[in-house]
Amino acid sequence: MTPERDSQILILTGIAVLLGVLFDFAWILAQRKLRARRNVNETSPAEKNPLQNDFLPLVDRSDRNVNQDNEGWKSLWRVVFPWIRPILLCSILILAVIPSALVVMDRWFDLEKIRFLFSDLRCKVPLLCALPLPEYILLILFCLLAVGLLIALFPLGRQMFLELRADATGSDAGISPMQITISRLLRWISLAGFAAIAAFNVADRRIPGAELALVAGTYVTGWLLRDISLVRLWKILWENRGWMFACLLAHSALVMVLAVYYSSPNYLPIFAAVLVLAIIFLLRFRHRIPTIYWIFSLGIILFSININAWWTSVVGDEYGFYESAREILEKTNLSVVAAHLFDEMGVYGQNPYFASIVQSLFLRVFGTQSFGWRFSNIYLIALSILFLYIFFKTFLDRRVALLACFFLAVSHYLINFSKIGYVSLQALFTLSISLAVAAWAARSGRTAAFALCGVVLAMNFYVFGIAIVSIPLVILLLLCFAPPISRPARLRWAVLAGGFGMLCFPLCFQPAFWKTGFGFTIFTTLEKNPFPDGPVQFLANRILTSWFSYLYITNESHFVSMSYVDWMTAAFVGIGFFVILYWIRRSRFAVFFLLGWILLLTVASIIGSPDLPSTTRMFVVLPWWALAAAFGLSWLRDQLRFMGSAGGRIQTFILAGVLAILVATNLFYATVISYDRWLDRQVFESLVLRLAGEIRGGSLAAPEKYVFVTYADWSLNPFLRFKEIYPRSWSGIQLEKVAVDSPLLPESTLPILTDSKSILFVVPTQPEQLQDGLRVSLQALGEKWCPVYSPSGKWEYDMYTSKELAWVCSKPDG
């Protein structure tokens, strides 16, 4: 095929897509006008039959074209008409599920016929052919566009968007003069303190520390005291003390049960009894407990599943974060921590020091074992669901907000990715807080909310790098709902800028941050190899791959398999996207949602690895996918209600069944599918941890020592660290290293190698010739050779045992 032919096909494809989009919007506008005309000329039969009202233009057209005396045709129409809407709705469901079904058949059942569907047609356009997407992407696009066209035939459903009613009251009534005076004093103190800190640190060229955090806190406190009455706040808390205390008690008991179960199960019966009593006490207030509390608790439980699993124990580079957090906890005094609070050069020289401080706090509370370290991610993303609910319910119907939070609480992406000890998910936490505070600012119009928003936005610079996307996203939200078009509004924006500037001040003293932290983007990594296939092809690869990653992950990593959402959620996302798109002319939040979606996908796709969008960044888009899925499910429920095909109780049962299937599906993704896919990707350390756990559960004679036969430069530190993080699996086990450089074993090592209570591990990174020689030497000493293989038959490492411990040889192959 000639380049000219390629260009012609590309141009024709672009024209076809453009015409399709124009036809789609023309169809939407026509449907809206027909509905508007129908509402004006409404007849009594239409009022009695809402189903007929939705298709009134079709009825009118048929009445004009059919002879009035022809009762046969009219009778036929009355029979056919009630089935049109159910058939179209079933078509939407089928078309929405087809993309997910294709991915499941390809990635799950490994069907080659599915994998190469439309491969010839797709590669007629070089731009599409080069995309790292499945061959059947054309069929996926067709199904999604068909879903959009069919949704245009239906009414939008009930109002899912709330009209934002900004109070703009400025402050609570009844604030005492003393509180006003204290508020004014704190604000002046914060400004003076910041001026002094700026002067001294500029003179000494030193990064400010905890003193700046104190000043920023004073700044926010001053504005909060100006707008919020402490008397009124205390009254609200006192009136709700009963159910709030019950929620806090039950929540604390749940967390302690999880901590004990995964760390010290001997005390589990005691804490389980406390949890049962706390739940009984909580049920006294069951009518006042918000639904989001149960979703929040469900998220903590699901995220904690398999937190100590051997197959999620090692990714490769996460233990640097553990070492940093533990060093802060055990070796660093408080003054040093305070001085480095805003230091951006933390772990690996590109992760903020503050992120490790957060992890060290969890190590302090829950211990230095695996649970205490990994639970920091789990708890923060569970809290993120609460803050996202505050954000969602400010602009949306409460049921839509709850559904979106439920999709997040059961997400297999978060269930598995949260097991890794990275600080990445702290970015999701700060994103959720930023959106919640911005929603408060937009709704209330209070200066205090803007002051807090500025400080929270600045904190995004001091967690994982992708968190910076929160800043333009929140600015976009405030521009949509609280633009600076009046003098009071501009004053509030100035207060926001003041709080933001205070905490951004330490960045002025860290030029390396702009290259290793903020600047750690795709453009930095491309300095050595800029745009290998051209900028257009490169950006298309990144952005389009990110756009469809909710359906199909090109590069599976970090224990997340197949897609970033499950197959059912993906079907709802396809429906919800078009529902939101059709609301764009009626709701400002729909406009913000679509612009925010584009922003999140673009930033997440260009920040990170130089190859493809990374799992360590794409989680920031997860709230948008969850919200789109909630819109899709809510819209389907509305259509069922309009058709009158199911009563309220039946619809409740259907919804409960769908949610139960969602939980089961995501657990299946997170446990069964991911486990199978990662069995062949394990490292030596995790495989030995698996063996240690299986041996500990055995009833026969247990080994007392693990001996690693390896080269002199090999370090035993990873296994010593494993022994501290997973003490239950390594209880009573001694670790020792024997350095060899040839198959001839030194006589000094023979007592160790022939110990009947020891298991010998030959480190697999040694040359193959040396391993073959060691096999002969160790077998000559009477040791039993036990090669360990993966489920697919791949050799992993060699193990040797005495006759007394020969039963261990059957464990690794399980």
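Trainee: Which residue does Glu330 form a salt bridge with?
Mentor: Arg326, with the closest N and O atoms 2.9 Å apart. A salt bridge here is a side-chain nitrogen of Lys or Arg within 4 Å of a carboxyl oxygen of Asp or Glu. Keep in mind that this is a predicted model, where local features need pLDDT of at least 70 and side-chain atom pairs count only at pLDDT 80 or more, while totals for chains, interfaces and linings use all residues. Residues are numbered from 1 along each chain as its sequence is written, and side-chain values use heavy atoms, leaving out hydrogens and water.

Trainee: How far apart are Glu330 and Arg326 in helix α16?
Mentor: Four residues, so about one helical turn separates them. Helices are DSSP runs (H or I, at least four residues), as are strands (E, at least two), numbered from the N terminus.

Trainee: Is Arg326 buried or exposed?
Mentor: Buried, at 16% relative accessible area, whereas Glu330 is partly exposed at 47%. Buried means under 20%, exposed over 50%, partly exposed in between (1.4 Å probe, protein chains only).

Trainee: New topic: how many salt bridges does a search of the whole structure find?
Mentor: 13. One of them pairs Glu556 with Arg107, closest N and O atoms 3.1 Å apart. Those two are 449 residues apart, Glu556 in the loop between α28 and α29 and Arg107 in helix α5.

Trainee: And what does Asp798 meet in a salt bridge?
Mentor: Arg775, at 3.2 Å, N to O. Asp798 lies in strand β5 and Arg775 in helix α36, so the pair ties together parts 23 residues apart in sequence. Asp798 is buried, with a relative accessible area of 1%.
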